[in-house]
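Me: Hi! Could you walk me through this one while I have it open?

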Amino acid sequence: MFGFQKKEVFVTMDQEQYFRAVTALREQGIPFKTKLENGASMNVIGRGRTTAWGDTLRRLDTYYIYADKKEADQASYIIRQALHGTKK
């Protein structure tokens with residue numbers, strides 16, 4: 001289904017937005033794949049990222065959502081609707 005035909009349709013560092021987007025795609029029956037870049041496993045100083053005391057490394061996680069190229073526009077639209085209502 002995906003192979004080389006997948007397209008990135010959403011990227012966020014906000015866990016709540018990620019779960020809202022994934023839930024919306026599931027509810028609409030859109031197949032998707034996800035990827036998580038775990039900020040805690042990165043060399044934070046080497047990447048130029050710093051956190052304030054008390055800030056969690058979870059905030060450095062980056063969530064990616066991919067859909068089949070044929071359904072990418074529809075997936076992007078569904079995610080926008082779930083996060084922002086009727087805005088395009």
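Me: Which strands does helix H2 lie across, and at what angle to E1?
Reply: Helix H2 (residues 72-84) lies across E1 and E3, and runs at about 15 degrees to E1. Axes here are lines fitted to C-alpha atoms, for helices over the stretch in contact, with angles running from 0 to 180 degrees between N-to-C directions. Helices (H or I, at least four residues) and strands (E, at least two) are DSSP runs, numbered from the N terminus.

Me: Before I go on, what kind of model is it?
Reply: This is a predicted model, where local features need pLDDT of at least 70 and side-chain atom pairs count only at pLDDT 80 or more, while totals for chains, interfaces and linings use all residues. Residues are numbered from 1 along each chain as its sequence is written, and side-chain values use heavy atoms, with hydrogens and water left out.

Me: Thanks. Back to H2: which of its residues are buried?
Reply: Ala72, Ala75, Ser76, Ile78, Ile79 and Leu83. Buried means under 20% relative accessible area, exposed over 50%, and partly exposed in between (1.4 Å probe, protein chains only).

Me: Where do they sit around the axis of H2?
Reply: Its buried residues fall within an arc of 160 degrees seen down the axis, so they line one face of H2. That arc is taken from the directions from the helix axis to the C-beta atoms. As a reminder, an α-helix has 3.6 residues a turn, so residues three or four places apart point the same way.

Me: And what covers the buried residues of H2?
Reply: The cover includes E1, H1 and E3, with contact meaning heavy atoms within 4.5 Å.

Me: How far does H2 reach, end to end?
Reply: H2 has 13 residues and spans 18 Å from first C-alpha to last, close to the 18 Å expected at 1.5 Å a residue. The expected span is 1.5 Å times one less than the number of residues. Just after H2 comes Gly85, with a positive phi of about 75 degrees.

Me: Switching to the sheet: what is the strand order?
Reply: The 3 strands make an open sheet in the order E1-E3-E2, with antiparallel pairing. Strand E1 (6-12) and strand E2 (32-37) are the edge strands, each pairing on one side only. On average, neighbouring strands are turned by 25 degrees against each other, direction ignored.

Me: How many bridges do E1 and E3 share?
Reply: E1 and E3 pair over 6 bridges, and E2 also pairs with strand E3 (residues 62-68) over 6 bridges. Two strands pair if DSSP finds at least two bridges between them.

Me: How much of E3 is buried?
Reply: 7 of the 7 residues of E3 are buried, so E3 is largely enclosed by the rest of the structure. Across the protein, 33% of the 88 residues count as buried.

Me: Now the other helix. Which strands does H1 lie across?
Reply: Helix H1 (residues 15-27) lies across E1, E2 and E3, at about 20 degrees to E3.

Me: I clicked on Ala24 in H1. What does Ala24 touch?
Reply: Leaving out residues up to four places away in sequence, Ala24 touches Ile78 and Ala82. Ala24 has 10% relative accessibility, so it counts as buried. Its C-alpha is 9.0 Å from that of Ala75, 51 residues apart along the chain.
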